[in-house]
Amino acid sequence: MNSPDVIILGAGVAGLAAARDLTAAGLRVLLLEARNRLGGRVLTRHSLQGPIELGAEFVHGAVEEILGVAQEAGLALREMDRRAPRPSERSDSGAGDFFSAIDAVLAHASGGEDESFQHLVDRIQVDPAIKARSLGMVEGYHAADPAKMSVQALADNTSADERPGGERQFRFVQGYDGLVSALFQQVAGERCALQLNTVGTAVAWRRKHVVVRTAAGDEVSAPHLVSTVPLGVLKAGAIDFSPRLPDKEDALRRLEMGDAARLSLQFEGEPWVGHTSFSEDGFLLIGEPPFPVWWISRPAPWPVVTGWCGGRRAGELTRLTEGERVRVGLEALARVLRVDVGRLRQELRGGLSYDWRGDPFARGAYSYAGVGGRHAGAELAVPVDGTIFFAGEATQSDGRNATVHGAIASGMRAAREIGGAKGS
């Protein structure tokens, strides 16, 4: 494309949403994506038996950013029971559900200076089982290190779940990548050029002029840039901004990229029947390593069971090969179900996982705010001299970070900001 109005770095859902709205407003967009595919941290593998999610899987809440696109595209969603998960009979008793444990601890937070969740847990007097479950929830659900996570930001995340429709939860029947395709189809193709396998490495800028250099040594320029590059990549300094952006560097220091390891196992039957039962919404929370949480991602006749580990322990799993993760996961699931691991191996039809920390274009699962970082996402999102704009889930400080709908909303916000900047 000659003389684009806007360059967008990243063709995940934030970049696609920005491209959709910008092209709808008549602007010419050059969309650069480092991977050989669209979608970013939405990654769906398709087999003859159906989709398997290796990235985002759930739609958290009845959110218009996703449901509106799904309805327009005719994408089928299956609603789940999102009542507060309860621990299995193998866990310690007496602490209620995991969400309530978080609430019980947050009730002791002071209204003044921020602190880490671990510090809060250590200084209060509550049931040790509640402490254990709340820490497990921070690591498992938020993929966070409790010693780093901001209590104030965690309270914001909890409040976001209480918004109207926040209690509802959905899955895409035919795969989350259907949303990615639907967003891309909404982009006005005649005003958007897409380049895959294009890694941005440097950004030179002055007011209303940006030059992006790629790993191949090419240069492209435009009056505006939208960076939807994941937080982990920005924190690693993989893109060199010249002149530097000290305010953004400060915001990045107060944000953290969480870790998570997931393993999806596909079986011919349902080996857990008659041995133990998942909850009505298909979850089994045991709180024990290597995978403290299990859930049924897809029902029979070709059920897929997913093991999940978030936070500090996830790194131990991501250092294994995929084959080793499958072996460890099968052995762990056999213990949980109290069945012979040999039976599971016989019924296993496939095992898939993905190392998001090792992915150079993600460098982690999703973001959370460190101590003092409650508003750091919003600070990262502030436009730079009407020229550089930031989007992506980490730029949301309203409790919607770490979500697909938050990422989409951030791309829409950046498009609106560029509309205002064009007139200034």
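This text describes the cavities of a predicted model and then one of its sheets.

In this predicted model, local features need pLDDT of at least 70 and side-chain atom pairs count only at pLDDT 80 or more, while totals for chains, interfaces and linings use all residues. Residues are numbered from 1 along each chain as its sequence is written, and side-chain values use heavy atoms, without hydrogens and water.

Three cavities of 30 Å³ or more are present. A cavity is a set of points, on a 1 Å grid over the protein atoms alone, where a 1.4 Å probe fits but cannot get out, and its lining residues have an atom within 4 Å of a point. Grid points are joined across faces, edges and corners, and a volume is the space filled by probe spheres set on the points.

The largest cavity holds about 120 Å³. Its lining has 16 residues, and Ala153, Ala369, Gln396, Ser397 and Asn401 are the closest to its centre. By class, five lining residues are nonpolar, eight polar and three charged; here Ala, Val, Leu, Ile, Met, Phe, Trp, Tyr, Cys and Pro count as nonpolar, Asp, Glu, Lys and Arg as charged, and the others, Gly among them, as polar.

The second largest cavity has about 60 Å³. Residues that line this second cavity include Arg41, Val229, Glu393 and Thr395. The classes there are seven nonpolar, two polar and two charged.

Turning to the sheet, four strands form an open arrangement in the order 11-10-9-13, with mixed pairing. Strands are DSSP runs of E with at least two residues, numbered from the N terminus, and two of them pair if DSSP finds at least two bridges between them. Strand 11 (219-222) and strand 13 (240-242) are at the edges with a single partner strand each, so one side of each has no neighbour in the sheet. Strand 9 (residues 200-206) and strand 10 (residues 209-214) pair in the antiparallel sense over six bridges.

Notes
1 Å grid on protein atoms, 1.4 Å probe; cavity = no way out; pocket = protein on both sides within 12 Å on 5 of 7 lines; lining within 4 Å.
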